Amino acid sequence: MVSSAATRARPSLVRRVVRRNEFYLFLFFVAFCALVQGVSSTFLSLENLFDVTRTSAGFAILAVGVLVVLLSGGIDVSFFAIAISAQYGAVKLLLALGISNLAMAFLVSCGIGLALGAVNGLLISAFRLPTLITTLGTQTVFHGLLLTVLGSRAINSSDLPHCFLSFSTANVFTVARPDGPPLGLSVFVPITVAVYLLTWLLIRFTKLGRGTLAIGGNIESARRMGFNVPLIQISIYSYVGLLAGVMGVINVALIRYVTPTTLVGSELDVIAAVVLGGARITGGRGTILGTVLGVAIFEVLQTSLVLLGLSSFWQRAFVGLIIIVGMSITAYQTKVRNARNLVFRLE
Amino acid sequence: MLRTLRAVLARNPNNAILLAFLVATFLVLSFLMPGKFLSLRNFQSMGSQISEFGLLSLAMMLTMLTGGIDLSIVAIANLSGILAALCMKRLIASGVWPAESLLVVAVAVAVALGVSLLCGWVNGLLIARVGVSPIIATLGGAALYEGIGIIVTSSRGIVGFPDRFAFLGNGFLSIFPMPFAIFAVATAIFALAINKTRFGQTVRMIGANPIAARFSGLNIPRTLTRVYAFSGLLAGISSVIMMSRSNSAKSGYGSSYVLLSILIAVLGGVNPAGGFGTTTGLVMGIFVLQFLSSGFNIMAFSPFTQNVIRGTLLLAVMIVGYLLERRAGRVRRGHGRAPARVNEAGEGAPPPAGATPPAAAS
């Protein structure tokens, strides 16, 4: 979608579909769903579908942010530290002011996220620092500052401003069912869809998006082509920060509990899902559709481990295995292709 | 003596700055709390602490020299610790050898080193033979190794080892703590391997310019595989010390050491893009960090505050490094995350002499 290399004569539609990485991801996804459905017949119910889309909304939003960073050839591991800072800051402020206003919560959370993301972008672009090490550093600093300045006390559901609780149960529509309460599609879902659509538009149709891909392809070339690399990098990392702010609010509403010591440390899961979706960590390649599939596969794998009879202790190893196997396949394909085309590259 | 010192410093300004920083921290701490800081006991305690993350920093430096990174060192250390601990427990329970037998200790150490070497070798294969990028391969490896540790132990810690084993982490060789002695020997071997052997030379060349190294006929996959295997092995040595010192093995132990070892490597003057770094610089970096930690503890900073300071220090060191480089007239290319790649089109290659950079991007 973002990086189709179809500059030559266009092959037939079937050819193009079969050649796409996403096609195989989709096949895998369908096959796995069928397997899980075979083991547990409740898997493919409307209830489960609504539930999974609701609980994975925050994860999916961050994933698209990670995709943008990976497209630019960078990596960000500070987004959970940003999300938790934004979330905790917003809740604390609302509590201190004694108001319960969801728009205000989003505004504060996104504001904090944007600012912290901009710090990342500034550091990376102004001093040309390595992105992984820089965001590891800012992750520690952001999280440490949060715990030092705002404290580490958890806020319980009963103390949360009411707006989060009503946001938590808000539905776009509900489906009545004969046995039990009606099923509702959470408002988290359209928010997530909107974020994906916006990101797709940004990448596909704006100079900023083109610049992001150009940086990911070759930063030096992008510089010489006249792209404003610092501005693009600051925009990218600020965008990730903004998305982390959105995720922060959704996360409070989802778990109805705020504690500044969670989330940080599981960044790898999000990166894993995006990489599984075919995004290259070396930059320039990756698609929105791939990310959607990567997130879907990752979520289904994680939630169905228990259904398949494996204890939750297996989750971590499973994540590692997914990454290693998924990446090995794409890396090996690239290696073979490079060797065939006499491209000498170490990645 | 003075002249050689000056020559060394002129050749490597980063180490000169580090040395000054080291002396300054030492003096400040000695001045502020002579009783607490300047005591044999404090130095012995610092010596034991240094060895755990010092060995991990050596591992980090080794991979950074090739332009890679190893984010799985702590996970490898924990997994090898866990498996060694399980072996030791089983052996003692089976009663083949008495609990205080040296053989039990030897088997435990062998298991720890073997497992860590194996894990590192797997990382190396993924990176060198399959072509996965080091960040992803070692992140994935970290999750896998940590996960195996969680499965094996059901996320519980394993505690209580024989006294013979405890000696490795808590014993003394005259006035030197045992872990420090292990660390010193490992560092000496490491320095020799990096500076005096063909392997070390190849490692540097790969980091400095992988394409040139490849066209020079160097066996890059073999060297890279070894680099990650050795990185794992160093983590394994560290795991023996961690286990012995804490008398336990648990997944998730020492997770902050990853960041710390990156910080030390960068502080010690190792270029994350590869090719450059000295063992002397690294060791000074280790000492600076340990002095700072001691200072923080004596001043009773919370762990959160300590992290803020460490993170800020990491960023500050990188920024200063960039500014110094720019003043010296070298413009850094690319992201810096990886060395500028020279691909088939020659992009990323140094510009011809006299080429001017484009005017500020419009």
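Which residue takes a positive phi just after helix 13 of chain A? In this predicted model, the residue in question is Gly278(A), where phi is about 100 degrees. The buried set runs from Glu267(A), Leu268(A) and Asp269(A) through Val270(A), Ile271(A), Ala272(A) and Ala273(A) to Val274(A), Val275(A) and Leu276(A). Within chain A, these buried residues pack against helix 4 (57-71), helix 5 (79-97), helix 14 (288-307) and helix 15 (315-340), and they also pack against helix 7 (134-153) of chain B.

The contact between the two chains draws on 55 residues from chain A and 54 residues from chain B. On the side of chain A that touches chain B, at least two residues each are supplied by helix 6 (102-127), helix 7 (131-150), helix 11 (219-224), helix 13 and helix 15 of chain A. Helix 15 of chain A provides the largest share of this side, with 14 residues. By class, the residues that chain A places on this side comprise 31 nonpolar, 17 polar and seven charged.

Within chain B, helix 8 (residues 163-170) packs with helix 12 (residues 220-246) at an angle of about 110 degrees, the two axes lying 7 Å apart. Since angles of 65 to 115 degrees count as roughly perpendicular, helix 8 and helix 12 of chain B are therefore roughly perpendicular to each other. The crossing in which helix 8 of chain B passes helix 12 of chain B is left-handed. Helix 8 of chain B contributes Phe165(B), Ala166(B), Leu168(B), Gly169(B) and Asn170(B) to this contact, where they meet Val240(B), Ile241(B), Ser244(B) and Arg245(B) of helix 12 of chain B. Taken by class, this contact has five nonpolar, three polar and one charged residues.

A further buried position in chain A is Ile215(A), which lies in helix 10 (residues 207-217) and counts as buried because it has 26 C-beta neighbours inside 10 Å, the threshold being 20 or more. When residues up to four places away in sequence are not counted, Ile215(A) touches Ser72(A) and Gly73(A), as well as Ala222(A), Phe227(A), Val229(A) and Ile232(A). Between Ile215(A) and Ala63(A), which are 152 residues apart along the chain, the separation of the C-alpha atoms is 20 Å.

Methods. Residues numbered from 1 in each chain as written. Chains lettered and ligands numbered in written order. Predicted model: local features only at pLDDT ≥ 70, side-chain atom pairs only at ≥ 80, totals over all residues. Buried ≥ 20, exposed ≤ 12 C-beta atoms within 10 Å, placed from the backbone. Helix = DSSP H or I, 4+ residues; strand = E, 2+ residues; numbered from the N terminus. Contact = placed C-beta atoms within 7 Å. Nonpolar A, V, L, I, M, F, W, Y, C, P; charged D, E, K, R; others polar. Axes fitted to C-alpha atoms, helices over the stretch in contact; angles between N-to-C directions. Parallel < 35°, antiparallel > 145°, perpendicular 65-115°, else oblique. Left-handed = near helix turned anticlockwise from the far one by under 90°.
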